[in-house]
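Have a look at the picture first, then read on.

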Amino acid sequence: MCRSIKTLRPPFTDDADDDDIRAAALQYVRKVSGFRAPAEHNRAVFDEAVDAVTAATRSLLDGLEVRGSAGRQEAPAPR
């Protein structure tokens with residue numbers, strides 16, 4: 001759907017900062033609404049949607065358990 005939204009979880013990116021998350025949320029809301037920049041009468045609901053998607057994305061990323069990405073050790077050398 002939104003090809004320009006990059007994957008924000010490890011191992012694809014080490015640290016997704018607030019700017020990355022907000023940019024992804026903005027792209028999503030733009031895509032879904034069909035507006036790159038909403039008219040003034042839609043600005044409040046547009047901004048609320050971006051804030052909600054940003055919060056949901058942060059919650060998702062904070063809650064994900066990515067197996068094998070933390071403390072990953074190299075496999076022992078074959079004998």
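The protein's secondary structure consists of two helices and zero strands; helices here are DSSP runs of H or I with at least four residues, strands are runs of E with at least two, and both are numbered from the N terminus. This is a predicted model, where local features need pLDDT of at least 70, side-chain atom pairs count only at pLDDT 80 or more, and totals for chains, interfaces and linings use all residues. Residues are numbered from 1 along each chain as its sequence is written, and side-chain values use heavy atoms, without hydrogens and water.

Of the 79 residues, 18% are buried, meaning under 20% relative accessible area with a 1.4 Å probe, protein chains only.

Now let us follow helix α1.

| Feature of α1 | Value |
|---|---|
| Residues | 18-33, 16 residues |

The expected span is 1.5 Å times one less than the number of residues. Which residues of α1 are buried? They are Ile21, Ala24, Ala25 and Val29.

Finally, the core. The largest nonpolar core has five residues: Leu8, Ala16, Ile21, Ala24 and Leu61. Such a core is a set of buried Ala, Val, Leu, Ile, Met, Phe, Trp, Tyr and Cys residues joined through side-chain atoms within 4.5 Å.

Terms used
Buried < 20%, exposed > 50% of the residue type's maximum accessible area, 1.4 Å probe, protein only.
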